[in-house]
Amino acid sequence: MTTLPRRTVPHHAHPANRYASGPLDRADLVRHDAAAVHRLMSDPQALFTPIWGQANLVAYAADGVQARHLPGALSLLEAAEAVVFLGLDPDGRPHFAIDLGRGPSGGGAPPPLAEEGVFEDLRKVGPMLSHEAGAVLAYARGMVHWDRRHRFCGACGAPAEAAKGGHERRCTNHAACGAVHFPRTDPAVIMLVHDGGDRVVMGRQAVWPPGLHSVLAGFVEPGESLEDAVAREVMEEVGLPVADVAYRSSQPWPFPSSIMLGFTARATEDALTIAEDEIESARWMSRDELLASPEDETFKLPRPDSIARRLIEDWLSEDA
């Protein structure tokens, strides 16, 4: 096995949200060495995380769901549209994401991996995976999604070639352009709006499953601070001015390419004015109502792997 320098993956006192703080050392120094990345691809210890369409390969077992990371094989690499170096695990094994095609939406049959597992949307199986497994699958999914959309230069349209182990795409029109493109993450604020006491605002979008409610959220716009985005989105969606905007935690959300930045904010008024082009409904709900959620088609909380659920549970526990 190839020996390379590794850094310790940081661990934080504040528990990480799902899909964050995975076990891999992203090994930026290794990415810069194309020859080293190529050697790692043929390392017998190398593991490959397949992505087909937007789905990850998993295996169902009696004790739950397991992420599938496959050893290198010539047939697997030959079928790949792209391979991205993800980093080194705590045992020094190199991990790669491998793009096996755009899946049902892009045509084509699933890869011949039936004996290895099934391809599932991470949003379906994420809550059933271990924290570390979910983080690696989310990382792989996010990198493949970005790579597929940057195979041509966004500035001049020329082909863009992979570099830094798949963490850059460089325009091949070197004389006239030469732009370098990096993986994109779209920042979005997500905020639990409370009244300073026992109530929070819960809203829902018409496209969500029946009964599902959540806290408010929206994308950050150019020239806007995160605090400004919180205040603007709350005003736009429910007509409430806010104060005491406070950061809580964040979560990578590769569905397809967001980073969710979690906040709390105190509303300074009570009356809700619903922007029906933004959300279907919103209402104030008490702590007791949330704790007694029936979790059915009349009302249910956000999915357990989401930062929305984390914000709600943290707020519920503050005065427990």
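This note goes through the predicted model point by point, from its confidence to its helices, core, sheet and salt bridges.

1. How to read the model. Because this is a predicted model, local features are given where pLDDT is at least 70 and side-chain atom pairs count only at pLDDT 80 or more, while totals for chains, interfaces and linings use all residues. Residues are numbered from 1 along each chain as its sequence is written, and side-chain values use heavy atoms, with hydrogens and water left out.

2. Confidence. The average pLDDT (the predictor's confidence in each residue, from 0 to 100) is 92 for the protein, and 93% of the residues score at least 70. Residues 1-12 have a pLDDT below 50, although in the model this stretch has 24 contacts (heavy atoms within 4.5 Å) beyond near neighbours in sequence. Where pLDDT is low, the predicted coordinates should not be read in detail.

3. Helix 5. Helices (H or I, at least four residues) and strands (E, at least two) are DSSP runs, numbered from the N terminus. Helix 5, residues 131-148, has 18 residues and spans 26 Å from its first C-alpha to its last, close to the 26 Å expected at 1.5 Å a residue; the expected span is 1.5 Å times one less than the number of residues. Helix 5 is mostly covered, since 15 of its 18 residues are buried, where buried means under 20% relative accessible area, exposed over 50%, and partly exposed in between, using a 1.4 Å probe and protein chains only.

4. The nonpolar core. A nonpolar core is a set of buried Ala, Val, Leu, Ile, Met, Phe, Trp, Tyr and Cys residues joined through side-chain atoms within 4.5 Å. The largest one has 29 residues, and those with the most contacts inside it are Leu122, Met202, Val215, Leu290 and Ile312. Among the elements that give two or more residues to this core are helix 5, strand 12 (199-204) and helix 8 (307-318), and helix 8 supplies the largest share, six residues.

5. Three strands form an open sheet in the order 8-9-10, with antiparallel pairing; two strands pair if DSSP finds at least two bridges between them. Strand 8 (160-163) and strand 10 (180-181) stand at the edges with a single partner strand each, so one side of each has no neighbour in the sheet. Strand 8 and strand 9 (residues 168-171) run antiparallel and are joined by four bridges, and the bridge partner of Glu161 in strand 9 is Arg170.

6. Salt bridges. A salt bridge is a side-chain nitrogen of Lys or Arg within 4 Å of a carboxyl oxygen of Asp or Glu, and by this rule the count comes to 27. Asp147 forms one with Arg169, with the closest N and O atoms 2.9 Å apart; Asp147 lies in helix 5 and Arg169 in strand 9, so the pair ties together parts that are 22 residues apart in sequence. Both Asp147 and Arg169 are buried, and they belong to a network of salt bridges that also links Glu81, Asp99, Arg148 and Arg151.

7. A partly exposed pair. The side chains of Asp270 and Arg199 meet in a salt bridge (3.0 Å, N to O). Asp270 is partly exposed, with a relative accessible area of 47%, and Arg199 is partly exposed as well, at 27%.
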